[in-house]
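Subject: Structure handover and notes

Hello,

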Amino acid sequence: MSMDGRKHTLLLGALMAPAAAFFLAFWLLPMARLVGVGASGPQGMGAYWSVLTNQNYLTSLIYTFVLSALVTLATLVISCIAGLFLERNRFPGRSLLLAVLTFPLAFPGVVVGFLIILLCGRQGLIGDLTKWLTGEKLVLAYSLSGLFLGYLYFSIPRVILTVMAAAEKLDYALVEAARTLGASPLQIVRDVTLPALGPALVSSGAICFATSVGAFGTAFTLATNITVLPMLIYNEFTNYANIPVAAALSVVLGVVTWAVLALARSVAGNTVTVAA
Amino acid sequence: MSTSTAISILQCGKTYPNGTRALETVDLEVVSGETLVLLGPSGCGKTSLLRMIAGLESPDAGGRILFGSEDVTAQPPETRNVGMVFQSYALFPNMTVAQNVGYGLRIRRLPEERRRARVAEMLEMVQLSALSARRIDQLSGGQRQRVALARAIAVTPRVLLLDEPLTALDAKLRESLRVDIDTLLRKAGITAIYVTHDQAEAMALGDRIVVMDHGEIVQIGSPTQIYHAPANAFVADFVGSVNRLQGNVQDGVWRCGNAALPWPADAPVGGVVMVRPEDLRLGHEAAGAISGTLTARYFLGNRTRLLVDIGQGAPVLVDTSERGEFALASQVHLRIDPATMIVLPA
Amino acid sequence: MKRSPLFYAQLGFTLLVCAFMVVPMVLSVMAGVTTNYFVGIKSGLTLKWIVQVWDLYEKTIYLSVGIALACVAITALIGVPAAYVLAQRQGRIARLIEELIVLPVAVPGLATALALIQFWGPYPEFRTSWVFILVGHVIFTLPFMVRPVLAVMLTGNLRSLEEAAATLGAGFAQRFFSVVLPNVRGGVLAGALMVLTLSVGEFNITWMLHTPLTMTVPVGLADSYASMRLETGSAYTIIFFLIIIPLLLALQYWNNLLRRNDQA
């Protein structure tokens, strides 16, 4: 076996085979089948258009996208401020703050939903505070604001980590060069920091958007009056056994999230790695 | 070490899957026990050739590699019994110095006791006995390269392959390690193939030097042949510095300025004359010399390099060991010994 | 060192964000040990909710841990060789494979789950066993094993280490076990911790794949949130924190260590 010979290729094939077989059997073929199932309903391929033609689905789609876009925007702003601050400064307690900010990384959506209920549900802290302050109980959890806060909750940790990693790689000599050239802190942020963070922001923004669009657990727990797309799919599947529509909608959802990530990667270069 | 072997490379070329032609089809004979240096700029194919001999790459169809009379073309590296020293050292970070040196012996299932003796012998040879239990990241660059050398020699290879072993080291260390390697190779009488882009290293180490360029072998010869009788302008330029002098040939005499030298009988028609900087002598009179103006001087310690404008575009380089003032803008007269004149096809 | 007003403004903002993250967690811990959350702490502290959760959902913890460990084993077993191949080959097919295995993460878990149910539903024994959930977790977590291992393989000079081993006479198996594996340990461990964490916290796929007999912790959590008292749900959440936070800390610690070694 020369290390670039045919035998070597065979060996590499054998090493790849288990993963390839697993992936084929438990994702690629099932997914291909799902695409077929989506077209198997009374509408045929039309099911794939129903997300645009059916008023209910379209509303849900718009809600999902607008919500996700807002969450992405807010997350980017918040994470940039906090992430750059934590990367630039060393002070006692910094690593504790960092740990706190990254814990929710592995919380399932259901837990995030529950935490939002505790924060601003009917018996939530915000409700108690506002009642004490104004006499009026503010309950956000079961509305669009609740979803927004929940999505924000699971998005911030991911984006903060990406921003910090990118800021760490930022060549500090660039900042120093700008300072020697007389740039103010704000100008430095505008001319040096943000351009350098650009690719990281595009990629983490895309991940944030894609994750929000596909998020299911949070909406599930909050059981809001707004039906985001994943909830819609879940309801079609479980409550109405409308399997072709559920299949078609989830394929559309998958294509959208994949496309957003692929687009971000073509813009930001190969830095878009999907976070959990 | 009697296991050393002669090596024949027959009709070997290398094309990578992406179509890059790394090595044109070449033939090369390596004599048993000699140190052969493959010299050339990066991308000239020297490393591809070395890796082919190691078995890390296979030649294009039709190429064959013989160790002695044994055809090893189809053999993987692990059965060829070669020793290789990598530019990046490639020492196993998960093993100690001794474990690195003993790795090949362990693979060969040498009994523990003999293995330990051999490792000790090797470490003594490279003067690292005291560091045998160290981890690799606790060693300096020079020490790492010596461990790599000991590891490659420990298995008594049929040929020792060295891929730019000194490139990653600083200049001073490079020089002392070069001497060490030379001593080691002489003592061991081992067949060695040494890849480098550093002509000084090639001169110092090689019994023979193979100069390569653009995937082709340009010249094979002893260091003196390569230096004094380069096969073409590329070799002359790559091995040391050289001046091109423009002159006229008439009636068997080459004239440049006031200099007139006999045109060698075997010189090619329209040949280019080249002279090395140290072969240009400073004279006191213009008669029989090429005259020019001194435009720059650099004191280099053991010699002084002068730049002389003789009105031929690029300044002429002159190396002299004379001590003098060398006033700028002064007139300089250069003499050429006919024996040092290199005439190459244009 | 004198700090600028800008520093304190940013610190304040960061603390606010941290509060947003941590206050709900504190609330849930409080609620989980309070006798009656509606009345408040003055109703007294108790462990009865935790005991109740343990009685009701003990099995979900074992199942989650079991699935997570099996998931680590399988992703390592199939993922490390796959990463090795991807590190060796930089061609188009290798890149395509790399793209493909990340797809289950890019596509919402709901879609993956529906696809699995549609395709494998006709095999009820498989469909109703915990192995079905395991399969979903492996598909979802595989890239998180492959990526760190691949990264370690590409940053080190693993290729020349292997070549050195080959010239010293080591065949493929010897090289793989004596040189490749020991030198990518760090990446495998980082991947394993990540897979463990993700598997324990996975909900989107698991919720669709589970049966009443195959409930994992996140599924149990959803169940308790929907059908139990707030205190019970909170107590269950405390237990979840106790499982997941040590994992996260270990992951963070290990990644920092790897990064520092990388820079050294």
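Before the helix pairs, one term: an axis is a line fitted to C-alpha atoms, for a helix over the stretch in contact, and the angle between two axes runs from 0 to 180 degrees between their N-to-C directions. Please also keep in mind that this is a predicted model.

Helices α7 and α8 of chain C

Start with helix α7 (residues 158–167) of chain C and helix α8 (residues 172–201) of chain C, whose axes cross at roughly 155° and come within 10 Å. Angles over 145 degrees count as roughly antiparallel, and α7(C) is therefore roughly antiparallel to α8(C). Their crossing is right-handed. On the α7(C) side, the contact is made by C:Leu158, C:Leu161, C:Glu162, C:Ala165 and C:Ala166. On the α8(C) side, C:Arg175, C:Val179, C:Val180, C:Asn183 and C:Val184 take part. Sorted by class, the contact of α7(C) with α8(C) consists of seven nonpolar, one polar and two charged residues.

The chains these helices sit in

Chain C contains eleven helices and zero strands. Along the principal axes, the C-alpha atoms of chain C fill a box of roughly 75 × 70 × 30 Å.

Chain A has twelve helices and zero strands. Read along the sequence, the pattern of chain A is α-α-α-α-α-α-α-α-α-α-α-α. The box filled by the C-alpha atoms of chain A, again taken along the principal axes, is roughly 75 × 65 × 30 Å.

Where chain A meets chain C

How many residues does each chain bring to the contact? Chain A gives 78 residues and chain C gives 85 residues. About 7,500 Å² is buried between chain A and chain C, and carbon and sulfur atoms give 81% of that area. The number of salt bridges between chain A and chain C is zero.

One helix pair spans these two chains. The axes of helix α11 (residues 229–238) of chain A and helix α4 (residues 109–120) of chain C cross at roughly 20° and come within 11 Å. Angles under 35 degrees count as roughly parallel, so α11(A) is roughly parallel to α4(C). The crossing of α11(A) and α4(C) is left-handed. From α11(A), the residues A:Pro230, A:Ile233, A:Tyr234 and A:Phe237 meet C:Leu110, C:Leu114, C:Ile117 and C:Gln118 of α4(C). The contact of α11(A) with α4(C) has seven nonpolar residues, one polar residue and no charged residues.

A helix pair in chain B

In chain B, helix α2 (residues 97–107) packs with helix α4 (residues 141–154) at an angle of about 25°, and their axes are 7 Å apart. This makes α2(B) and α4(B) roughly parallel to each other. The crossing in which α2(B) passes α4(B) is right-handed. The residues that meet are B:Val97, B:Asn100, B:Val101 and B:Leu105 in α2(B), and B:Val147, B:Ala150, B:Arg151 and B:Ala154 in α4(B). Six of the residues in the contact of α2(B) with α4(B) are nonpolar, one is polar and one is charged.

Salt bridges

Side chains of opposite charge can pair when their charged atoms come close. Over all chains, the structure holds 23 salt bridges. One salt bridge joins the side chains of B:Glu112 and B:Arg116, at 2.8 Å from N to O. Where do B:Glu112 and B:Arg116 lie? Both are in helix α3 (residues 112–125) of chain B, four residues apart, which is about one turn of the helix.

Regards

Conventions: Residues are numbered from 1 along each chain as its sequence is written. Chains are lettered from A and ligands numbered from 1 in the order in which they are written. This is a predicted model: local features need pLDDT of at least 70, side-chain atom pairs count only at pLDDT 80 or more; totals for chains, interfaces and linings use all residues. Side-chain values use heavy atoms; hydrogens and water are left out. Angles under 35 degrees count as roughly parallel, over 145 as roughly antiparallel, 65 to 115 as roughly perpendicular and the rest as oblique. A crossing is left-handed if the near helix is turned anticlockwise from the far one by less than a right angle, and right-handed if clockwise. Contact means heavy atoms within 4.5 Å. Ala, Val, Leu, Ile, Met, Phe, Trp, Tyr, Cys and Pro count as nonpolar, Asp, Glu, Lys and Arg as charged, and the others, Gly among them, as polar. Buried area is the accessible area (1.4 Å probe) that two parts lose on being put together, summed over both. A salt bridge is a side-chain nitrogen of Lys or Arg within 4 Å of a carboxyl oxygen of Asp or Glu.
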